[in-house]
Amino acid sequence: MAEHILVTGGAGYIGSHACAALAQRGFTPVAFDNLSTGWRDAVQFGPLVHGDLLDPSAIAAAFDRFKPVAVMHFAGLSLVGQAAVDPGAYWRVNVMGALNLLQAMVAAGCDRLVFSSTCAIFGDANGDNLHEGSKQNPLNAYGASKRAIEDMLDHFAQAHGLRAAALRYFNVAGADPQARIGECHRPETHLIPLAIAAAAQGGDPLTVFGTDYPTPDGTCIRDYLHVSDLIDAHLLALDHLAQVQGAQRFNLGTGQGASVMQVLQATAQVLGRPVPHEFAPRRAGDAVRLVSGSDRAARILGWQAARSTLPQMIEDAARWHQTGGYQN
Ligand SMILES: NC(=O)c1ccc[n+]([C@@H]2O[C@H](COP(=O)([O-])OP(=O)(O)OC[C@H]3O[C@@H](n4cnc5c(N)ncnc54)[C@H](O)[C@@H]3O)[C@@H](O)[C@H]2O)c1
């Protein structure tokens, strides 16, 4: 029988891509999701457990039923704007949810975890490329909650022998190359899907927040990674954890930043249509530039990005967008 992997947030954007890749590798991915931002339609590669990480009995029941050999933990809240007005939700859902999950893992004797961390733990980078040891200064409760979970992983590794990899994502984009699943956030806050929607007939113009940043064109710079490359790193991390003890951290970036205006230009080029946009003042809490190398992931996991060019990510995202997204 195929081994089960518990995928929290498996009905969400990145978690559903992890489920697809795990199924391709011969595992049965079990999506554990409360469907607060996820979609039943995205769960195509294994069973769905409709449960909440704030409910320890639901997590325990999932471990009991499926006996997963490892966990990929994607579930959580991740809207920076929402974190500014409701920080408590981020500490409750992200930190309490992770604590409940780790306690259930210890109780069930499941000792491998790959965790979605984020570049938001760093705050701003003052123009330098980030690396694993860069100074951490989260600008909001979202980044702070993820940093707290990274600390929690250390403590559970020391006390309970947990093997964990915290993968710090930068900006994830693109979709399944077969367009079975893709990025469907409502509301959408991510630049590439917003640009694709703006370029569609009758689409609302996109708002560019801040044109006076200290960057070549005045707009913020981010490091975009294709979701398929990101999931490759998860599979490599899962294998790596079978060999090593302790809690590890990896930054997953391409080392190449793109400004907001560069993304809009690339989108217009790929789609062959202009991307209507308007300008607005800076948004509180936005870092100027977040770009990272991934030397550690290359050296230790053997990971390399293969699909993460802007045109490829936009093309894959647009193909998915044309399917009309999820209904349910
Ligand atoms: N998308 C990005 O660019 C990006 C960048 C850095 C980090 N991340 C991290 O990656 C993870 C996945 O991001 P995403 O873009 O796929 O988000 P998403 O919102 O599409 O997926 C999150 C999933 O978690 C589920 N969920 C939320 N709270 C839950 C709870 N209490 N119990 C059970 N399920 C719950 C949601 O229903 C959803 O399906 C998040 O932890 C996010 O912080 C994402």
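Me: Where does P187 sit?
Reply: P187 is in the loop between β7 and α6 (191-199). Helices (H or I, at least four residues) and strands (E, at least two) are DSSP runs, numbered from the N terminus. This is a predicted model, where local features need pLDDT of at least 70, side-chain atom pairs count only at pLDDT 80 or more, and totals for chains, interfaces and linings use all residues. Residues are numbered from 1 along each chain as its sequence is written.

Me: Is the peptide bond from R186 to P187 cis or trans?
Reply: Cis, with omega near 5 degrees for R186 to P187. Most peptide bonds are trans, and most residues other than glycine have a negative phi.

Me: Which residue other than glycine has a positive phi?
Reply: L35 is one, with phi near 60 degrees. L35 is placed in the loop between β2 (28-33) and β3 (48-50).

Me: Switching to the ligand. How many residues surround it?
Reply: 28 residues, and the closest are G9, G12, Y13, G38 and S78. To count as near, a residue needs its C-beta atom, placed from the backbone, within 6 Å of the molecule.

Me: Which elements give two or more residues to that shell?
Reply: α1 (13-24), α4, β5 (112-118) and β7. α1 gives the most, with three residues.

Me: And how does the shell divide by class?
Reply: Eleven nonpolar, 15 polar and two charged residues. Here Ala, Val, Leu, Ile, Met, Phe, Trp, Tyr, Cys and Pro count as nonpolar, Asp, Glu, Lys and Arg as charged, and the others, Gly among them, as polar.

Me: Back to α1. At what angle does α1 pack with α7?
Reply: About 60 degrees, with the axes of α1 and α7 10 Å apart. Axes are lines fitted to C-alpha atoms, for helices over the stretch in contact, and angles run from 0 to 180 degrees between N-to-C directions. α1 and α7 are therefore oblique to each other. The cut-offs: under 35 degrees is roughly parallel, over 145 roughly antiparallel, 65 to 115 roughly perpendicular, and the rest oblique.

Me: Which residues meet there?
Reply: From α1, I14, H17, A18 and A21; from α7, V227, L230, I231, H234 and L235. Contact needs C-beta atoms, placed from the backbone, within 7 Å. By class, this contact has seven nonpolar, two polar and no charged residues.

Me: What about α4 and α5, what angle there?
Reply: Helix α4 (residues 87-108) and helix α5 (residues 141-160) pack at about 20 degrees, axes 9 Å apart. α4 and α5 are therefore roughly parallel to each other. Among the contact residues are W91, L99 and V106 of α4, plus K146, M152 and F156 of α5. The contact of α4 with α5 divides into 14 nonpolar, three polar and one charged.

Me: Now the domains. Where are their bounds?
Reply: Domain 1 is 4-173 + 224-252, and domain 2 is 191-222 + 255-322. The bounds come from an automatic or database domain assignment. The C-alpha centres of the two domains lie 24 Å apart.

Conventions. Contact = placed C-beta atoms within 7 Å.
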